[in-house]
Amino acid sequence: MTPSTIVGVADLVREALDAYRDDPASVAALQGYARRLEEPLRIAVAGMVKAGKSTLLNAILGEEIAPTDTAECTRIVTWYRYGHTPKITLYPVTGEPRSLPVKRVDGRLVFVLGDATADDVARLDVEWPSPGLRDMTLIDTPGIASLSEDVAARSTSFLTPEDTPSEADAIIYLMRHMHASDLRFLESFKDTEAGRSGTVNALAVLSRADEVGAGRIDSLLSAADIAERYRRDHSLQKLALGVVPVAGLLAQSARTMRQSDFEALQLLAGMERTEREKLLLSADRFVRVAGPEGLTTAARTALLERYGLFGIRLSVVLIRNGFGEPTPLAHELARRSGLHPLLDLLGRQFQARAEALKARTALVGVDTLLRTSPREGTGALVAALERLQVNAHEFRELRLLATLRTTGTSLPPELASEAEGLIGGWGAASHVRLGLDADAGPEQLAAEARRYLEKWRAVSENPLTDRSALEVCRVVVRSCEGVVAECSHLAAQPA
Ligand SMILES: Nc1nc2c(ncn2[C@@H]2O[C@H](COP(=O)(O)OP(=O)(O)OP(=O)(O)O)[C@@H](O)[C@H]2O)c(=O)[nH]1
Ligand SMILES: [Mg+2]
């Protein structure tokens with residue numbers, strides 16, 4: 001993002017602070033937007049009840065901290081942000097925030113609410129020294145479309161509030177099947193957060209992907225097929241930047257594999273084949289039927305909870321095929337869980353354009369304030385805001401991306417697809433825009449960007465190009481110029 005846009009947005013917030021200085025509520029909101037610009041990008045993990053949100057959050061961080069399957073705390077919006085030392089703060093609906101003891105059972109945090117119930121808690125804030133949190137704050141949210149409307153309402157009012165920007169800059173949305181309520185939610189996230197700026201800032205995850213094929217060893221292949229179908233589904237395409245299948249439980253446990261897990265899996269792999277197949281026939285049998293010597297019922301239950309039947313079956317196959325040490329096995333399981341493509345998308349779609357997404361949230365906030373509480377003398381602010389929205393190239397890219405994915409353009413499909421890549425639709429990094437490998441050198445990048453620049457200038461000057469496509473051409477040309485400038489600058493620097 002060009003520094004001028006960030007500076008422009010920060011200046012705008014400052015000027016608004018001055019204009020509303022006698023209104024404490026507006027000042028607090030504006031100070032919040034200003035702080036958000038300085039903080040890491042906020043990414044919420046959302047989805048229906050038991051979609052696997054907390055488990056996936058742990059998998060992304062590579063640590064089992066977020067509690068899963070606990071009755072009370074899954075109803076509370078919980079923030080995980082970077083801190084040098086672990087610290088938990090409870091923000092009640094009314095009253096002063098207070099610290100909670102940092103208590104962990106089996107690795108996971110246990111929130112000791114004391115006399116308070118989930119209804120009394122506005123949010124929990126966990127500071128944690130997890131490297132993954134250095135450049136993103138993750139927010140675990142209660143399930144939407146819960147049986148309890150009250151729980152669902154907490155997430156919707158948090159993620160898609162009526163008259164303020166969303167607390168999250170982007171979301172990872174989990175779904176086990178595509179449901180009408182999933183689409184409705186994504187629709188409202190898009191409308192609230194980005195409606196006026198027309199942006200897509202959600203990634204969809206086909207979660208608990210190992211369960212798609214009832215835990216069969218090819219479950220993830222079936223899940224990949226379904227995800228591909230969703231990806232091509234027009235109603236989802238315009239709401240999410242990508243759809244990836246992830247077996248979150250496997251990813252979480254693989255990233256936190258313990259020696260005792262490995263030994264238990266080794267015992268299973270060493271069993272006689274027919275005996276093992278009988279044992280691994282179903283989750284129920286796995287717990288009920290006696291296993292190999294040394295693997296108690298309690299140990300089997302624990303293993304099943306951590307890896308699922310799919311994870312156990314896959315581990316056994318892998319161990320039998322030569323993965324004889326915990327670390328390589330853990331890496332292979334993580335790789336097969338589908339987590340890496342998600343992390344890759346997170347990096348390309350969210351983190352690489354974090355500044356633009358944060359700036360946009362701030363603009364939505366100031367815009368809302370100016371519209372809902374207009375006052376004399378804010379005309380200049382309105383004009384400055386509009387100028388930023390219209391002219392800042394990052395916002396033009398985000399808007400065009402949404403257009404290409406929704407209404408489309410009059411460009412031929414192959415050009416539209418090329419435009420989508422060049423404006424950062426597959427990721428904001430230069431090599432991704434140009435469709436080159438990550439190790440492409442600056443000279444190669446610059447040459448390729450120049451080639452695209454010339455091509456798109458020609459498209460825009462071609463009399464056959466429809467007028468309505470000219471704005472697309474302008475944005476693409478500007479994006480190419482940006483990449484040329486950046487890469488030429490890099491190429492000119494001593495190696
Ligand atoms: N087989 C399988 N089970 C999973 C997976 N992800 C989560 N689970 C299980 O599903 C249950 C719910 O997981 P959570 O991560 O707590 O789901 P959640 O969406 O946070 O649930 P709520 O916060 O209560 O809405 C737990 O028993 C998990 O072990 C997965 O990828 N595969
Ligand atoms: Mg949860």
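**View 1. In this predicted model, helices H3 and H14 are roughly perpendicular to each other.** The perpendicular label applies because angles of 65 to 115 degrees count as such, and H3 packs against H14 (residues 339–350) at about 80 degrees. The axes of the two helices lie 11 Å apart. On the H3 side, Leu56, Ala59 and Ile60 make the contact, and they meet Leu339, Leu342, Leu343 and Leu346 of H14. Sorted by class, the residues of this contact are seven nonpolar, no polar and no charged.

**View 2. Here we turn to the shell around ligand 1, to which H3 also contributes.** The ligand is surrounded by 17 residues, and Lys50, Lys53, Thr55, Asp69 and Asp210 are the closest. Helix H3 (53–61) and helix H8 (248–255) each provide at least two residues of the shell. The most comes from H3, which gives three residues.

**View 3. Zooming in, polar side-chain atoms of lysine 53, threonine 55 and glutamate 211 sit beside atoms of ligand 1.** For threonine 55, the polar side-chain atom is 2.4 Å from an oxygen atom of the ligand. Lysine 53 places a polar side-chain atom 2.7 Å from an oxygen atom of ligand 1. Glutamate 211 faces a nitrogen atom of the ligand instead, with 3.2 Å between that nitrogen and a polar atom of the glutamate side chain. On its own, ligand 1 has 640 Å² of accessible area, and the protein covers 90% of it.

How values were computed: Residues numbered from 1 in each chain as written. Chains lettered and ligands numbered in written order. Predicted model: local features only at pLDDT ≥ 70, side-chain atom pairs only at ≥ 80, totals over all residues. Heavy atoms only, no water. Near = heavy atom within 4 Å. Polar contact = N/O pair within 3.5 Å; in protein donor to acceptor, adjacent residues only side chain to side chain. Areas by Shrake-Rupley, 256 points an atom, 1.4 Å probe, with all protein chains shown as cover. Helix = DSSP H or I, 4+ residues; strand = E, 2+ residues; numbered from the N terminus. Axes fitted to C-alpha atoms, helices over the stretch in contact; angles between N-to-C directions. Parallel < 35°, antiparallel > 145°, perpendicular 65-115°, else oblique. Contact = heavy atoms within 4.5 Å. Nonpolar A, V, L, I, M, F, W, Y, C, P; charged D, E, K, R; others polar.
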